[in-house]
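Visitor: Could you walk me through this fold? I'd like to go piece by piece.

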Amino acid sequence: MTSTNTAQGSLQYAPLLGTLTVIPWTSEPSDDERNPPFLLAYSLGDGRDGAEAGEEAMHAVIKEVGLRTGAGLIDVATSPGVPITLLVQAGRAVLTMPYLKAQCAVPPEWEEDARETGSVYFIIATQPWPEGTPGKLVSEETLRAFVGDEAVLTGAAHCLVPVSSLRG
């Protein structure tokens with residue numbers, strides 16, 4: 001189980017997006033190799049004009065940062081026009097991009113996977129997830145049901161974000 005974390009959005013889209021949230025999780029290693037851990041950003045759909053307007057606003061945010069939905073995985077390290085950074089330090093992940101700054105606690109295995117692989121698989125969901133309320137524990141089954149939904153996956157932007165730290 002993992003817990004959700006509230007993110008901060010820009011003033012331009014914040015009223016439409018409503019509550020922005022991030023949630024970290026890891027997958028099982030395959031053939032003794034570590035996989036990049038995951039980070040999911042989504043809206044609760046509680047914006048000023050409802051879930052549909054929030055979904056449209058999230059599409060606009062994705063486009064403005066240089067990503068596209070349904071485009072496959074974009075490697076931010078080789079895409080200089082995509083302004084997304086991720087700092088991982090002392091059990092915390094700090095994600096910064098236009099319209100979104102999020103800081104969340106991450107479990108030790110998440111941080112270890114991020115350091116060993118050097119990147120995090122970041123998904124920006126356009127479909128709201130009202131069940132992923134900040135501060136509440138989310139079961140693996142609940143998370144898997146949302147993230148595994150084909151409409152969620154195809155409607156999301158997917159990118160690999162390099163990990164930085166304060167270590168020298």
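Visitor: Where is Ala57 found?

Guide: One note before we start: this is a predicted model, where local features need pLDDT of at least 70, side-chain atom pairs count only at pLDDT 80 or more, and totals for chains, interfaces and linings use all residues. Residues are numbered from 1 along each chain as its sequence is written, and side-chain values use heavy atoms, with hydrogens and water left out. Helices (H or I, at least four residues) and strands (E, at least two) are DSSP runs, numbered from the N terminus. On that basis, Ala57 is found in helix α2.

Visitor: Is Ala57 buried or exposed?

Guide: Buried means under 20% relative accessible area, exposed over 50%, and partly exposed in between (1.4 Å probe, protein chains only). Ala57 has a relative accessible area of 4%, so this residue is buried.

Visitor: Which residues is Ala57 in contact with, leaving aside its neighbours within four places in sequence?

Guide: Contact here means heavy atoms within 4.5 Å. Ala57 and Leu16 are 41 residues apart in sequence, yet their C-alpha atoms are 6.4 Å apart in space. With neighbours within four places in sequence left out, the contacts of Ala57 are Tyr13, Leu16 and Leu17.

Visitor: What share of the contacts in the protein chain with a separation of 6 or more comes from residues 24 or more positions apart?

Guide: For the setting, the protein chain has 5 helices and 11 strands. Of its 168 residues, 43% count as buried. Among contacts with a separation of 6 or more, the share from residues 24 or more positions apart is 69%.

Visitor: Which residues touch the most other members of the largest nonpolar core?

Guide: A nonpolar core is a set of buried Ala, Val, Leu, Ile, Met, Phe, Trp, Tyr and Cys residues joined through side-chain atoms within 4.5 Å. The largest one has 33 residues, and its largest share, 4 residues, comes from helix α2 (residues 51-64). A second, separate core of 15 residues includes Trp25, Tyr42, Ile123 and Val152. Back in the largest core, the members touching the most others are Leu39, Leu67, Ile84, Leu86, Trp110 and Phe122.

Visitor: In β9, which residue does Leu39 stand opposite?

Guide: Two strands pair if DSSP finds at least two bridges between them. β3 and β4 run antiparallel, joined by 6 bridges, and Leu39 in β4 is the bridge partner of Pro24. β4 and β9 run parallel, with 4 bridges joining them. There, the residue opposite Leu39 is Phe122.

Visitor: How many of the residues of β4 are buried?

Guide: In a regular strand the side chains alternate between the two faces of the sheet. In β4 both faces are covered, with Phe38, Leu40 and Tyr42 buried on one side and Leu39, Ala41 and Ser43 buried on the other. The count of buried residues in β4 is 6 of 6.

Visitor: Which residue takes a positive phi in the hairpin of β7 and β8?

Guide: Start with β6 and β7, an antiparallel pair joined by 5 bridges, whose hairpin has 2 residues between the strands and a positive phi near 50° at Ala90. Next, β7 and strand β8 (residues 100-105) also run antiparallel, joined by 6 bridges, with Ala93 opposite Cys104. Their hairpin has 2 residues between the strands, and a positive phi near 75° is taken by Tyr99.

Visitor: Why do the buried residues of helix α3 lie on the same side?

Guide: The buried residues of α3 (residues 108-117) are Trp110, Glu111, Asp113 and Ala114.

Visitor: What relative accessibility does Asp113 have?

Guide: Asp113 is found in helix α3. Not counting residues up to four places away in sequence, Asp113 touches Thr26, Arg34, Asn35, Pro37 and Gly118. Asp113 counts as buried, because its relative accessibility is 7%.
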